[in-house]
Amino acid sequence: MTSHTSPSLTDALAAGTVVLDGGMSNQLESAGHDLSDELWSARLLAERPEAVTEAHLAYYLAGASVAITSSYQATFEGFGKRGIGREEAARLLGLSVELAREAAGKARGAGVSRPLWVAASVGPYGAMLADGSEYRGRYGLGVDELERFHRPRMEVLAAAAPDVLALETVPDADEAAALLRAVRGLGVPAWLSYTVEGTRTRAGQPLEEAFGLAADADEVIAVGVNCCAPEDVPGAVEIAARVTGKPVVVYPNSGEAWDARARAWRGRTTFGAGQVRAWREAGARLIGGCCRVGPEAITGIAGTLAA
């Protein structure tokens, strides 16, 4: 099913605010799936695709209008390490988009009448390494090498006809430059979303500079931040809106901190639907949640934005 919704996501962002989904991994884990694996949620594309559809459906039913596919960790290299060849890896990447479309069809069948879109997730190079380096950047690779890594996967995802590519959790402006090159000519719009600390990328570049890279990229329909603390959102939204003039995308974590050694979340949630109004006033147009933000929180965001 590849029926494209009208209006386009670009038009919808020009007209108002659009609700994104929440964390894929926490939704799958709460349904009882074990993700303690280097492929993370991408493993279920091969083993339990119906579980991925159900997770997307939960978010559409909760009030999200955009589902982000489970391809964040899905790379030819990552699959290759598990003995999955290029042809099968390409099929799984395409399947990630199909499953989200299938969930949209099920949501329609359940009475959801608003437009629903699918964003194909393109995670950073560090996600494939599965060692936490997506939160540091600086992989020791140049822009050309990073472009060569990203482009084949992005071509396969684009061929599956998502509504938008989510170039997300990008820790480093160099990697953003590579992604912006790789997205050219694919015929699918994209959003570019950094993971940040304060007003800098995780690799330490000022956000003015990082967002500036996307200012003149016609393919990019929104810029912003994800997988960061909710407290880092307001400053980033202001800079993104000012530097690019584009709609801003924000989907922070719950506010808990990831303990890489223990592979567990620590601390308490600081994410609340009340913050959403301030983000919207600062220029945010695509608003949702990342790690540890579940369907209930998305319902809260949708309600706040509709009020």
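I started with Glu 88, which comes out partly exposed at 33% relative accessibility (buried is under 20% relative accessible area, exposed over 50%, partly exposed in between, with a 1.4 Å probe and protein chains only). I'm working from a predicted model, where local features need pLDDT of at least 70, side-chain atom pairs count only at pLDDT 80 or more, and totals for chains, interfaces and linings use all residues. Residues are numbered from 1 along each chain as its sequence is written, and side-chain values use heavy atoms, leaving out hydrogens and water.

Next I looked up the partner of Glu 88. Arg 91 makes a salt bridge with Glu 88, with the closest N and O atoms 2.9 Å apart (a side-chain nitrogen of Lys or Arg within 4 Å of a carboxyl oxygen of Asp or Glu). Both sit in helix α6 (residues 86-109), three residues apart, so about one helical turn separates them. Helices here are DSSP runs of H or I with at least four residues, strands are E runs of at least two, and both are numbered from the N terminus.

The salt-bridge count comes to 14.

Then I checked Arg 138. Its side chain meets Asp 174 in a salt bridge at 2.7 Å, N to O. This pair links distant parts of the chain, 36 residues apart: Arg 138 is in the loop between α7 and α8, Asp 174 in helix α9 (residues 173-182). Asp 172 joins Arg 138 and Asp 174 in a network of salt bridges.

Last, I noted phi of Arg 138, near 50°, a positive value in a residue other than glycine. Arg 292 has a positive phi too, near 75°.
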